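User: Hi! I would like to learn how to read the inside of a protein model. Could you take me through it step by step?

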Amino acid sequence: MSPAARTDTHSPAPHVADTHDLIRVHGARVNNLHDVSIEIPKRRLTVFTGVSGSGKSSLVFDTIAAESQRLINETYSAFVQGFMPTLARPEVDVLDGLTTAITVDQQPMGADPRSTVGTATDANAMLRILFSRRGEPHIGPPGAFAFNVPSVRASGAVTVERGAKKTVKQTYSRTGGMCPKCEGRGTVSDIDLTQLYDDSKSIAEGAFTIPGWKSDSWWTVGVYAESGFIDPNKPIREYTEKEMRDFLYREPTKVKVQGVNLTYEGLIPKIHKSFLSKDREAMQPHIREFVDRAVTFTTCPDCEGTRLNEAARSSKIGGISIADACAMQISDLAGWVRGLDEPGGTARAYGGVSHARGTVAPLLVALGATLDSFVEIGLGYLSLDRPSGTLSGGEAQRTKMIRHLGSSLTDVTYVFDEPTIGMHPHDVQRMNDLLLRLRDKGNTVLVVEHEPETIAIADHVVDLGPGAGTAGGTVCFEGTVEELRASGTLTGRHFGDRTALKETVRTPTGTLEIRGATTHNLRDVDVDVPLGVLAVVTGVAGSGKSSLVHGSIPADAGVVSIDQGAIRGSRRSNPATYTGLLDPIRKAFAKANGVKPGLFSANSAGACPNCNGAGVIFTDLAMMAGVTTTCEECEGKRFEASVLEYRLGGRDISDVLAMSVAEAEEFFGAGEARTPAAHKILDRLADVGLGYLTLGQPLTTLSGGERQRLKLATRMAEKGGVYVLDEPTTGLHLADVEQLLGLLDRLVDSGISVIVVEHHQAVMAHADWIIDLGPGAGHDGGRIVFEGTPADLVAARSTLTGEHLAAYAGT
């Protein structure tokens, strides 16, 4: 028998390298996981389901993705690791078969004023190269079109060491595209001086009205009083022209205050550095209120909001400047770029180098592919000059995906956190196709998701639960989608849930009039939003929903708006501190024990002196990864021992913070610990489906959906006749949507008008009134395409929303 024949009759044994086709997790105990062991197939699409708080993110993000990232970081030199975030090893016995993990989460993109959709992707960089090659007139290299690069000119004497030393005169220049007036921000600030000081008083009398600037603070006020540039005892309104100039605008100058060398600086530049250079959302509430009151932002008059200087705007391709290109809707820009790739272009020379039109052909292909990816992923309605901080969580997540769609990498683990957030049912199929494309390139795709349409395309499903918090953290089911449907798990039982269309709807008690709305892409919209009912505003992503609801409702309408903005909090922040729940609890403990309330705060008098109330000790090991250990003195309870001797209802303060919301609701509802103020807040937390959270759980460990519902529970205490909710179903399990609908009904029945911006079909079906925007996104949207009841929308089937709602309702 020939060698060839022998090969045909005996199948070769699989290569040992091909046997590593599973990610094995054994004994995972991160957060609420109960010793979880699981095997996940590689190069497949695996969806992780379960109620909010069941442990999905703990397994996927905090265990698998975190360990992959930590192992990759360890491959870098100790010097490089010193500049990287320190990552502790997850609590898990064995993690085997990991590949490089790329995490695409819901976290909002950086809100830096110079960060845009174009700079967050490669699109702006490619456009700058294109205009530096093809723009007429030619003004310089790609940096000449960058609004983050200022123009620099310098000249002076330099010493050249070549043979005999000699001094020569050198001139250096760099052409940047930054508008010098707004420094690339597109807006300029105008400061109301009356909000900074009382000009009838002197500095010594406490003229400053800036938060934190007390009359006895020598590091701020003292610098002005003892600088010698102004008279601290003279009312500000009596300053001479020179004193006023020094007071408001003087450049940084060294001065000596009480024997200490400090820097004196004019008030206006100091305010810019102290307040305006920071992210507004990261400010404390009272600081943010001051900035909103004292500072107004207007479009830069020099660059007209384009961020670019005149030279950068003057160079054009076919009559289009780079500012015009960045302002275009991306779907239109993609068409413009395709039109540039024309044969027969002429060559021209600059800088001694000949540049032919044909030399940018590969660049046009790459740029066109990037722009097409935006359209394909459902973001074609954006423009490249859109500030990245204004993107919703779903938009930010899809923008991050752009760089991965055309990647040449394979055998990578992509980890997604609810990628369908903020998506109309029409767009969910697009996202599903993209996830399958990533899988088909040979990648492992792990998705945390609640959307039934996305669960349905999974190769493998892992269901965690059975409950949330301490009641979750175990694997309830592993298998195919069909096996999930037949399983008795909570997800399996609710997989086919459909909310029926309302047979009878509420009668409006009034209307909220919106007239001539033109925010963003709205086209002079007039609409009457009914009050006293559950009104749902829907439409495809980018159709103008948020512009109508958040940007066009009159300011005096008494609206309590609960948007998707992230909750900012440190590891010391928790549900008890964020909601204000800790205040009545501390007062109850203080009253019961005859001591001060400050003792029962881990950030105040009662804090453990060893860990300063953090509960853990962080040991920085310089070039090695830092180590976090539980504080030995307080055993992680965060309070000093004497504080834990005080009790309320037989529990100390650490016991209370370790309670779940449901436990605490019962504890503070009756008996010795009865505290109505605390019970009211706990009721609201339970109403929004957060009964499983512990009161002392750090905010940094909460998922995006949990944070939004925590914000909802907090804002429900505010007085207002109209509540505006922005996609409250974010992060909700199918079984929890029914509870949310019950909450919305209770709000409406109590006399509150509820307006919900939502894509979830269960909420649409349960609405009393639907306002549908469209028909498309961007300039193809911005119009009202339907107003009426859900039943009328389904009967008409005149819009994309109507078609999908009809399919959902099975009519």
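This is a predicted model: local features need pLDDT of at least 70, side-chain atom pairs count only at pLDDT 80 or more; totals for chains, interfaces and linings use all residues.

User: How many cavities of 30 Å³ or more does the count give?

Analyst: A cavity is a space where a probe fits but cannot get out. Here the count comes to four cavities of 30 Å³ or more.

User: Which residues line the largest cavity?

Analyst: Its lining includes Arg572, Asn574, Phe639 and Leu657. Sorted by class, that lining has four nonpolar, four polar and two charged residues.

User: What about the second largest cavity?

Analyst: That one holds about 50 Å³ of space. Among the residues lining it are Ile562, Gln708, Asp726 and Pro728. Two elements, α25 (704–715) and β26 (722–726), each give two or more residues to this lining. The largest share, three residues, comes from α25. By class, there are four nonpolar, one polar and three charged residues.

User: Now for a single residue. Why is Ile784 called partly exposed?

Analyst: The label applies between 20% and 50% relative accessible area. Ile784 is called partly exposed because its relative accessible area is 24%. This residue lies in strand β29 (residues 783–788).

User: Which residues does Ile784 touch, not counting those up to four places away in sequence?

Analyst: Ile784 touches Val525, Val527, Leu548, Ile771, Asp772 and Leu773. Also, 8.5 Å separates the C-alpha atoms of Ile784 and Asp526, although these residues are 258 residues apart along the chain.

Notes:
Residues are numbered from 1 along each chain as its sequence is written. Side-chain values use heavy atoms; hydrogens and water are left out. On a 1 Å grid over the protein atoms alone, a cavity is a set of points where a 1.4 Å probe fits but cannot get out, and a pocket is an open set with protein on both sides within 12 Å along at least five of seven lines; lining residues have an atom within 4 Å of a point. Grid points are joined across faces, edges and corners, and a volume is the space filled by probe spheres set on the points. Ala, Val, Leu, Ile, Met, Phe, Trp, Tyr, Cys and Pro count as nonpolar, Asp, Glu, Lys and Arg as charged, and the others, Gly among them, as polar. Helices (H or I, at least four residues) and strands (E, at least two) are DSSP runs, numbered from the N terminus. Buried means under 20% relative accessible area, exposed over 50%, partly exposed in between (1.4 Å probe, protein chains only). Contact means heavy atoms within 4.5 Å.
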